[in-house]
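Here is a short briefing for a first look. Take the sequence and the structure together, and follow the topics one by one.

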Amino acid sequence: MTAEPARSAARMRASDADREAVVERLREAAAEGRIDLDELDERLNLALTARTYGELAPITEDLGGPAARDTGEPLTVRGGMHKVRRTGGWKVPARIVVSGGLGGALLDFSGAECRVPVVELEVDAQMGGVRIVVPDGWGVDTDALDLAFGGLKSKVKGERAPGAPLLRITGSCGAGGVRIRRPGLRERRAKR
């Protein structure tokens, strides 16, 4: 059932920004000594001529990287009396802990830079709830999430583009609940 959406995500057209992100990762890999200059040149050519996510994903799939091995402290986001927001061009670590408090919390990944294959997101929605905006192509796994009183409302289906991050959400929906959606018109405009 999930094979067809993943296949269709692989056929989605890649943007100039998608190709540029792959080019940047290739340059970093060459600087780290993961690939030599001949291989860099070959992979750069593939990246710059790729038309779909399915063509882009294999180019950097074997490179890993420092961010992919990040085992440091998690990013902690705590809502209090007022809503806390994490939006714009922030760097996504391998582990995030978010608490909704009374005002709630918003995590918008649509403009974020993510270089890890799996993001572990532990939520405690409390009274204010947690809202999550997930870019097109990202996968979301909520199987280990405790629905509690607030429950889960997700407009995100199981499609995950090859090479795209997986957001694995655990914890509790609390009384405020957890809401997950793709970027809307406002987030798409802000990204341009």
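Which residue forms a salt bridge with R25, and how far apart are the closest N and O atoms? The partner is E28, with the closest N and O atoms 3.4 Å apart. A salt bridge here is a side-chain nitrogen of Lys or Arg within 4 Å of a carboxyl oxygen of Asp or Glu. This is a predicted model: local features need pLDDT of at least 70, side-chain atom pairs count only at pLDDT 80 or more, and totals for chains, interfaces and linings use all residues. Residues are numbered from 1 along each chain as its sequence is written, and side-chain values use heavy atoms, with hydrogens and water left out.

**Salt bridges**

- The whole structure holds 10 salt bridges.
- R25 and E28 both sit in helix 2, three residues apart, about one turn of the helix. Helices (H or I, at least four residues) and strands (E, at least two) are DSSP runs, numbered from the N terminus.
- R25 is buried, because its relative accessible area is 11%. Buried means under 20% relative accessible area, exposed over 50%, and partly exposed in between (1.4 Å probe, protein chains only).
- A network of salt bridges links R25, E28, E113 and R115.
- D16 and R19 also pair through their side chains, at 2.8 Å from N to O. They are three residues apart in helix 2 (residues 16-32), so about one helical turn separates them.
- R27 forms a salt bridge with E20, the closest N and O atoms being 3.9 Å apart. R27 is partly exposed at 46%, and E20 is partly exposed at 42%.

**Surface patches**

- D36, D38, D41 and E42 make up a surface patch of negative charge. Patches are made of residues with over 30% relative accessible area and no salt bridge; like charges are joined within 9 Å, nonpolar side chains (Val, Leu, Ile, Met, Phe, Trp, Tyr) within 5 Å.
- Lys and Arg count as positive and Asp and Glu as negative, while His and the chain ends are not counted. The place of a charge is NZ of Lys, CZ of Arg, CG of Asp or CD of Glu.
- D41 belongs to helix 3 (residues 37-49). D41 counts as exposed because its relative accessibility is 54%.
- M81, L102 and M127 form a nonpolar surface patch of about 380 Å². Accessible areas come from the Shrake-Rupley method with a 1.4 Å probe; for residues, only the protein chains shown count as cover.
- M127 lies in the loop between strand 7 and strand 8. At 58% relative accessibility, M127 is exposed.

**Cysteines**

- How many disulfides does the whole structure have? The search finds zero. A disulfide would be a pair of cysteine sulfur atoms within 2.5 Å.
- C114 is buried at 19% relative accessibility. C173 is buried too, with a relative accessible area of 0%.

**Contacts across the chain**

- Q126 is in the loop between strand 7 (118-124) and strand 8 (130-133). Q126 is partly exposed, at 32%.
- Q126 and C173 are 47 residues apart along the chain, with 7.0 Å between their C-alpha atoms.
- K153 is part of strand 11 (residues 152-154) and is exposed at 54%.
- K153 and G177 are 24 residues apart along the chain, and their C-alpha atoms are separated by 7.9 Å.
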